[in-house]
Amino acid sequence: MQKTKHIAIIGGDARYLPLIHALKTIDHLSIRILGFEQVEQSYTGVMQSTIENLDTSQLDGVILPITGIDDDGFVETMFSNEKIQLTEEWFQSLPEDCIVFTGISNRKLDQHISDNNLHLIKLMERDDVAIYNSIPTAEGAIMLAIKHTDFTIHHSNVFVFGYGRVGETTANSFAGLGANIAVISKHETDLARVYEKGWEAYSLDQIEQYIDKCQILINTIPAKVVDKSLIEKMNSQAIIIDLASKPGGIDFEYAKTRGIEAIHALGLPGMVAPTTAGEILADRIAKILFTS
């Protein structure tokens with residue numbers, strides 16, 4: 001007989017409402033939510049609690065916001081005016097086999113996990129989550145490109161920096177709308193795969209020769225790859241959409257001086273498709289919980 005798993009969802013953004021709805025449909029899963037006081041319990045259908053009243057002794061899992069905790073232990077609570085702080089003592093109260101889910105981590109959270117022999121799952125670093133999330137991310141990039149340009153994506157020159165999980169899906173999505181795709185990567189295997197697709201393929205070392213043709217630049221590389229030397233060769237009518245995590249890969253200040261619009265588009269799945277994003281997270285979390 002399947003043992004019931006007990007989890008607490010603490011804070012979160014818009015994608016956490018569909019996450020809650022998806023998780024509550026799963027048998028043998030008992031859920032408590034914290035930081036959702038502004039949402040009617042009849043809407044979530046899940047028992048609300050507070051950090052003081054939560055019984056941590058039986059928890060099999062804790063779901064933190066995508067942003068985890070800040071340096072003082074506070075969590076993001078979009079649906080509450082109350083601040084929730086997770087202290088060292090609170091982490092000490094969790095069972096040793098408890099799984100802590102977060103999107104990303106920091107030194108503070110890593111230390112709490114290490115000190116208390118807990119198991120940390122960084123969802124945004126998992127290949128499966130990243131690939132699923134790349135779909136709404138690419139759709140969000142298309143939305144921004146349409147909104148901030150006065151020409152069609154069809155036949156426009158789209159340069160995608162990076163051909164990882166997000167870069168590949170983004171390039172495919174823009175190509176599906178008839179864009180002329182160029183992919184920029186430091187990896188020869190990526191460039192070979194791009195060539196096989198019939199797209200332009202450039203290494204980071206050679207892109208300066210071709211960047212003047214770019215109309216829409218999509219960056220997915222979390223390093224300063226689009227620097228001053230590259231931006232000064234770009235057409236001033238081009239647009240830059242940076243999908244990389246903070247601090248991004250663009251010299252935003254220099255782009256501004258050249259009159260080039262540069263958008264750091266963080267958290268697109270949660271903005272453009274919170275339901276899909278929440279359901280993706282729920283599916284992955286459930287699979288991990290019941291196979292651990």
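Me: Which residues of helix 5 and helix 11 make the contact?

Reply: Helix 5 brings Asp128, Val129, Tyr132 and Asn133, while helix 11 brings Ala277, Ile280, Leu281 and Arg284. Contact here means heavy atoms within 4.5 Å. The residues of that contact split into five nonpolar, one polar and two charged. For those classes, Ala, Val, Leu, Ile, Met, Phe, Trp, Tyr, Cys and Pro count as nonpolar, Asp, Glu, Lys and Arg as charged, and the others, Gly among them, as polar.

Me: And at what angle do helix 5 and helix 11 pack?

Reply: About 160 degrees, with the axes of helix 5 (residues 127–147) and helix 11 (residues 274–291) 10 Å apart. That makes helix 5 roughly antiparallel to helix 11. Angles under 35 degrees count as roughly parallel, over 145 as roughly antiparallel, 65 to 115 as roughly perpendicular and the rest as oblique. The axes are lines fitted to C-alpha atoms, for helices over the stretch in contact, and angles run from 0 to 180 degrees between N-to-C directions.

Me: Quick check, where does this model come from?

Reply: It's a predicted model, where local features need pLDDT of at least 70 and side-chain atom pairs count only at pLDDT 80 or more, while totals for chains, interfaces and linings use all residues. Residues are numbered from 1 along each chain as its sequence is written, and side-chain values use heavy atoms, with hydrogens and water left out.

Me: OK, how does helix 1 pack with helix 11?

Reply: Helix 1 (residues 16–24) and helix 11 pack at about 45 degrees, axes 7 Å apart, so these two are oblique to each other. From helix 1 the contact uses Tyr16, Pro18, Leu19, Ala22 and Leu23, and from helix 11 it uses Pro274, Thr275, Gly278, Leu281, Ala282, Ile285 and Ala286. Those residues divide into 10 nonpolar, two polar and no charged.

Me: New topic: how many aromatic pairs are there?

Reply: Four. Rings of Phe, Tyr and Trp (its six-membered ring) pair if their centres lie within 6.5 Å; planes under 30 degrees apart count as stacked, over 60 as edge-to-face and the rest as tilted. Tryptophan 90 and phenylalanine 91 are edge-to-face, at 5.3 Å centre to centre and 85 degrees between the planes. The rings of tyrosine 202 and tyrosine 210 have centres 4.2 Å apart and planes at 10 degrees, so that pair is stacked. Ring pairs also link Phe159, Tyr202 and Tyr210 into a cluster.

Me: What about threonine 189, buried or exposed?

Reply: Exposed, at 63% relative accessibility. Threonine 189 sits in helix 7 (residues 188–197).

Me: And the chain overall, how many helices and strands?

Reply: 11 helices and 12 strands. Buried residues make up 50% of the 292 residues.

Methods
Helix = DSSP H or I, 4+ residues; strand = E, 2+ residues; numbered from the N terminus. Buried < 20%, exposed > 50% of the residue type's maximum accessible area, 1.4 Å probe, protein only.
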